[in-house]
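Visitor: I would like to learn how to read a protein model. Could you take me through it, one feature at a time?

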Amino acid sequence: MTRAATLYSVSLLAACVSILVGPTDEFLFGPGLGGLGLGNDCWAYLRGARGCGLQTVVNSFVKAQPELMGPDCCRAFLDADDKCWPKVFPLNPFFPPTLKSYCEKLDQEAKVKMAQEEKDKRDQEERDREEQEIRNQEEIDRVAQEEQDKRDQEEKDRQEQDKNDDDKDDDDNDKD
């Protein structure tokens, strides 16, 4: 291993260990705390994201596994200016584009999933509306049938009453 490669490896290892063991992200990157100011504005994007602390980003970087960053962290990463990340990761210029590619894919998948969920929700609402319309029509038909049955019964009762009245009149006429 060349002297430069050894120096790079030792420096990276020392930086990572000191970050993981020692100071917090607020110390290294936070304003007003005497921090080193490394990519201060860039880290502000990540600091507000749920589950997106310095350790998450460092683990993702050190292990070269962008998938260690969750969707909220990726969204924050994508919201930041592209000029930020080379300042934060100066030792590996390939990591920010790799992470960006991963996060864009994750973001696209989330958008597709959200769009599908919205479509499913609209479809379900439409089915619910149609079912409600059917129930409403069935109720209207039931009430109309009950009213028709009532009118039919009243007509039948009236005819029966008329018949009884006619029979009574006939009986009265026969008696006279």
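Visitor: Where do Asp-123 and Lys-119 lie?
Guide: Helices are DSSP runs (H or I, at least four residues), numbered from the N terminus. Asp-123 and Lys-119 both sit in helix 7, four residues apart, about one turn of the helix. This is a predicted model: local features need pLDDT of at least 70, side-chain atom pairs count only at pLDDT 80 or more, and totals for chains, interfaces and linings use all residues. Residues are numbered from 1 along each chain as its sequence is written, and side-chain values use heavy atoms, leaving out hydrogens and water.

Visitor: What do the side chains of Glu-126 and Arg-129 form?
Guide: A salt bridge puts a side-chain nitrogen of Lys or Arg within 4 Å of a carboxyl oxygen of Asp or Glu. Glu-126 and Arg-129 form one at 2.7 Å, N to O. Asp-123 and Lys-119 form another, with their closest N and O atoms 2.9 Å apart. Glu-109 pairs with Lys-105 at 3.9 Å. The whole structure has seven salt bridges.

Visitor: Is Lys-105 buried or exposed?
Guide: Buried means under 20% relative accessible area, exposed over 50%, partly exposed in between (1.4 Å probe, protein chains only). Lys-105 is exposed, because its relative accessible area is 53%. Its partner Glu-109 is partly exposed at 44%. Asp-123 is partly exposed too, at 29%.

Visitor: How many helices and strands does the protein have?
Guide: Strands are DSSP runs as well (E, at least two residues). The protein has seven helices and zero strands. Buried residues make up 19% of its 176 residues.
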